[in-house]
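The entries below record what I looked up, topic by topic.

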Amino acid sequence: MRKEVCIDSNIEGNMQKKACLGIDIGGTSVKLGLFDLEGALLEKWSIPTNRERNGAEIIQDIAASVNRKLYERKLKPERLTGIGAGVPGQVSEDGMVLLAENLGWQNVPLGRELSEQTGLPVRTENDANLAAFGEAWKGSARDCHSMMFVTLGTGIGCGIVVKNQILTGVYGTAGEIGHMHVEDRMPVPCVCGKYGCLEQLASATGLRWMGERALEQTMEPSLLRNEKVSAKTVFEAAGKEDRVAVQIAERFGKYLGKALADCTCLLNPEMIVIGGGVTKGGQIVLDYIEKYYRQYAYEPFGGTKLRLASLGNDAGIYGAARLIMMDKTDTF
């Protein structure tokens, strides 16, 4: 079922202007946004991600949704500058999705097929990179030329913007900080097969694992014994000074704060923006991270700002829209 939100009540009037589409393809849903070229989000909607048969219908579903929207709004293709699309995986410069495990995709020509089915130019990029691009353009880092955007969810993603350009790396996977090695004594493997990765300890999954393990190893009373352990319940209990929860939150903050301090030695960003589901816990999450970041950061980088993300789940569609706009302009 499509979920639609009309942002601009004067959308029909605005559609006399040029526009573009930003698309964020996720494992559960595909988010789509219609933007004018000044960056205003005119309308957004979503469709389910059909992962059956290794995601064979996903591109067709997206194209059908885009074409339907253009028909509904009486938008001729010449009014659209194109489509920017984010994918949770490795994407080559020519729009080939090399690997997106959550979609079941390997060597899928997303850019070419989506362009053929919509008649519009398409540019593609990794979803974490586009979320960073969105926050750098219209979010918490809108006045920064260089920044990192770290997403804390089931895993840990990271996008890097340097002098207003996405840093992609040779294979499009720059910013994979979730697989930095941070712990030698990890008893279970990460999804990547290695042991002791950052996302094993500082993601929503990691917080749950640390919480369950802490409750097994102590008989100390805790609010966490009364409900399912999650990032949300850990930080709620920590906010009430629950000792077990505070210990978990401290450990989380130390792993992530130290890792980010190491990253700044290489990148020297003006700002680090933290987003993703874990940050729904609010300022307390950032406080634990920043405490250890300040402790471990090399002194010249002590002034790096840490902020919570402000665009929420829309960061990806903003970044995707900006990606296609960058064909027309060179800077933010």
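**Entry 1: helix α3**

I began with helix α3, which covers residues 58-72. Helices here are DSSP runs of H or I with at least four residues, strands are runs of E with at least two, and both are numbered from the N terminus. The expected span of a helix is 1.5 Å times one less than its number of residues. For the 15 residues of α3 this gives 21 Å, and the end C-alpha atoms are 21 Å apart, so the two values agree.

I noted that the model is a predicted one, in which local features need pLDDT of at least 70 and side-chain atom pairs count only at pLDDT 80 or more, while totals for chains, interfaces and linings use all residues. Residues are numbered from 1 along each chain as its sequence is written, and side-chain values use heavy atoms, with hydrogens and water left out.

Which residues of α3 are buried? I found Ile58, Ile59, Ile62, Ala63, Ser65, Val66, Lys69 and Leu70. Seen down the axis of α3, these buried residues fall within an arc of 160°, so they line one face of the helix. Buried means under 20% relative accessible area, exposed means over 50%, and partly exposed lies in between, with a 1.4 Å probe and protein chains only. The arc is that of the directions from the helix axis to the C-beta atoms. I recalled the general rule: an α-helix has 3.6 residues a turn, so residues three or four places apart point the same way. Just after α3, Lys74 takes a positive phi of about 55°.

**Entry 2: helix α10**

I repeated the check on helix α10, residues 283-296. Its 14 residues should span 20 Å at 1.5 Å a residue, and its end C-alpha atoms are 20 Å apart, which agrees. The buried residues of α10 are Val285, Leu286, Tyr288, Ile289, Tyr292 and Tyr293. Viewed down the axis of α10, they fall within an arc of 160°, so they line one face of the helix.

What covers the buried residues of α10? The cover includes the helices α8 (231-239) and α9, together with the strands β10 (147-152), β13 (271-275) and β14 (305-308). Contact here means heavy atoms within 4.5 Å.

**Entry 3: Ala249**

I then looked up Ala249, which is found in helix α9 (residues 243-267). Ala249 counts as buried because its relative accessibility is 0%. Leaving aside neighbours within four places in sequence, Ala249 is in contact with Val234, Phe235, Ala238 and Tyr288. Phe235 is 14 residues away from Ala249 along the chain, and their C-alpha atoms are separated by 6.9 Å.

**Entry 4: a three-stranded sheet**

I traced an open sheet of three strands, in the order β6-β7-β8, with antiparallel pairing. The strands β6 (90-91) and β8 (105-108) stand at the edges, each with a single partner strand, so one side of each is left without a neighbour in the sheet. Two strands pair if DSSP finds at least two bridges between them. In general, strands of a sheet pair through backbone hydrogen bonds, either parallel or antiparallel.

β6 and β7 pair over two bridges, and Val91 stands opposite Val97 in β7. These two strands form a hairpin with five residues between them, and Gly95 in the turn has a positive phi of about 90°.

Strand β7 (residues 97-100) pairs with β8 over three bridges. In β8, Gln106 is the bridge partner of Leu99, and Trp105 is that of Ala100. The hairpin of β7 and β8 has four residues between the strands, and Gly104 takes a positive phi near 80°.

**Entry 5: two asparagines with positive phi**

I recorded that Asn54 has a positive phi of about 55° although it is not a glycine. Its place is in helix α2 (residues 52-55), and at 56% relative accessibility Asn54 counts as exposed.

Is Asn164 buried or exposed? Asn164 is buried, with a relative accessible area of 10%. Phi of Asn164 is near 70°, and this residue lies in the loop between β11 (156-162) and β12 (165-166).

**Entry 6: the whole chain**

Finally, I noted that the secondary structure of the chain comes to eleven helices and 14 strands. Of its 332 residues, 52% count as buried.
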